Amino acid sequence: MKYIEAKIGNIVIGKGHPVAVQTMCNTHTADIEATLNQCRRMYRAGAELIRLTVPGMKEVEALKTIRERLRAEGIGTPLVADVHFSSEIAVAAAEIVEKVRINPGNFHRDHEQAKLQFARLVEVCRRCGTAVRIGLNHGSLGERITTLYGNTPNAMKEAAMEWLDMCAANDFYNVVISLKASNTIVMVEAYRLLYAEMKRKGLVFPVHLGVTEAGNGDAGRMKSAAGISALLSEGIGDTIRVSLTEDPVNEIPVARHIADRYDGKRHSSMVSLSLEDRNATATYRALSREDLVIDFACDFGKRLLDRDIDNIVLKGEYSCPGKGTVVLDGTDEAAYLCDELMQATRRKFYRPEYIACPGCGRTMYNLEETFNEVKRRTSHLKGMVIAVMGCIVNGPGEMADADWGYVGEGDHKVSIYKGKNPVLRHVPETEAIDRLLELIEADSHQVI
């Protein structure tokens with residue numbers, strides 16, 4: 001069995017190394033000052049890799065300036081170029097940054113051309129010492145793969161292995177692989193299939209874990225922690241990102257908390273557990289509410305995803321500045337947190353299910369504000385799946401199982417989807433939430 005290590009600037013990712021924590025800017029990369037300021041904040045918060053979107057050649061030039069200025073300030077955090085739809089941009093970015101993320105589903109429309117362009121990319125990466133992340137998303141597998149295998153965890157595994165085989169064929173191994181999905185069941189199953197196949201072949205590449213489009217608040221933290229921890233607990237995963245529709249700096253302490261648990265640097269705040277007839281009662285003593293939320297999701301996410309238990313009761317206490325000790329036993333908050341974790345693991349739907357990306361430099365509207373307003377105005381639609389997506393890269397695909405979708409087009413315009421089909425295009429963003437709600441009302445005859 002050969003375990004591959006990926007060298008990315010000043011860090012090494014792979015078996016035997018600490019789990020690396022990363023995040024992604026949501027600024028426009030061409031806005032150099034805004035992006036620099038966000039990178040500085042991420043560095044101070046402890047980010048070990050920082051990803052930036054690179055949709056065009058002007059962003060490649062901006063990326064060069066950003067990297068030079070960060071290094072001049074003594075900030076050596078590796079930078080990752082996030083590239084979609086252009087192999088030429090990927091090749092150009094590989095000359096500048098420590099790592100390039102490509103998405104096989106949209107690297108090149110023609111698979112034979114994609115193989116040729118990938119060989120060209122890895123030659124540049126070999127010369128420059130640049131790593132590659134092969135980053136598949138459930139929502140953007142590409143027509144060829146979905147025609148062969150459907151839009152399934154197995155399709156994600158097959159697509160990943162195809163590209164890892166291409167790496168081996170090109171004798172290039174400075175590679176990290178990811179298979180992200182918003183659905184935690186799909187995400188966990190896809191990674192398990194991939195890891196088993198890599199082990200079967202005797203060549204295990206470093207794995208990047210994440211639940212994409214997890215949302216925000218408690219829901220985003222629990223969904224991410226449940227999916228990521230289920231895999232880390234099995235020895236799967238070498239670097240992680242918690243994707244929140246918030247200030248991306250907020251992602252870092254959540255990811256660090258999870259990583260530290262599985263690097264042996266932090267223990268759960270659970271003090272007791274009783275199990276009876278597939279029902280669990282857990283008692284916690286946490287230093288903060290966020291510690292409680294993350295620990296609770298890590299402790300029980302895998303058990304719920306694997307259907308080892310059917311129900312949870314949460315007890316205990318946590319410390320709250322200005323309030324002292326907050327006791328959970330029998331409270332509405334305890335019941336709410338249990339419901340949230342059951343929803344995160346798709347065992348129970350007590351409210352709408354939201355799919356929301358964290359936003360990046362491709363997003364052309366105020367995603368966080370819009371998402372919070374959509375949540376506020378649709379909170380009564382129990383069981384409905386509603387997606388709020390920044391752009392078309394993963395939007396239409398990742399929200400394939402959504403009932404309704406809100407997808408940014410750019411230029412302050414939005415497309416509204418019913419299922420997989422766009423029903424309104426070029427809607428001004430100032431009107432888009434109203435149009436979405438009108439369509440839901442007309443379709444379901446519910447009062448909005």
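What follows sets several labels against the values behind them.

Mentor: Keep in mind throughout that this is a predicted model.

Trainee: Why are strand E17 and strand E21 called edge strands?

Mentor: In the open sheet of five strands, the order is E17-E18-E19-E20-E21, with mixed pairing; E17 (353-356) and E21 (421-428) each pair on one side only, and they are the edge strands. From one strand to the next the twist averages 20°.

Trainee: How do you know that E17 and E18 pair?

Mentor: Pairing requires at least two bridges between the strands, and E17 and E18 (residues 385-389) have four, in the parallel sense. Within this pair, Ile355 has Ala387 in E18 as its bridge partner.

Trainee: What is touched by helix H14 where it packs on the sheet?

Mentor: Helix H14 (residues 429-444) touches strand E19 (404-410), strand E20 (413-418) and E21, a contact being heavy atoms within 4.5 Å. The direction of H14 makes about 145° with that of E21.

Trainee: How do you know that strands E13 and E14 pair, and which sense do they run in?

Mentor: Against the requirement of at least two bridges, six bridges join E13 (residues 270-276) to E14 (residues 279-286), and the strands run antiparallel. The bridge partner of Leu273 is Ala282 in E14. The two strands form a hairpin with two residues between them, and Asp277 in the turn has a positive phi of about 50°.

Trainee: Which residues lie nearest the centre of the second largest cavity, and what is its lining made of?

Mentor: A space is a cavity if a 1.4 Å probe fits but cannot get out, and the search of the whole structure finds two cavities of 30 Å³ or more. The second largest cavity holds about 100 Å³ of space. Its lining has 14 residues, with Ala214, Ala219, Arg351, Glu353 and Tyr354 nearest the centre, and divides into six nonpolar, three polar and five charged residues.

Note on methods: Residues are numbered from 1 along each chain as its sequence is written. This is a predicted model: local features need pLDDT of at least 70, side-chain atom pairs count only at pLDDT 80 or more; totals for chains, interfaces and linings use all residues. Side-chain values use heavy atoms; hydrogens and water are left out. Axes are lines fitted to C-alpha atoms, for helices over the stretch in contact, and angles run from 0 to 180 degrees between N-to-C directions. On a 1 Å grid over the protein atoms alone, a cavity is a set of points where a 1.4 Å probe fits but cannot get out, and a pocket is an open set with protein on both sides within 12 Å along at least five of seven lines; lining residues have an atom within 4 Å of a point. Grid points are joined across faces, edges and corners, and a volume is the space filled by probe spheres set on the points. Ala, Val, Leu, Ile, Met, Phe, Trp, Tyr, Cys and Pro count as nonpolar, Asp, Glu, Lys and Arg as charged, and the others, Gly among them, as polar.
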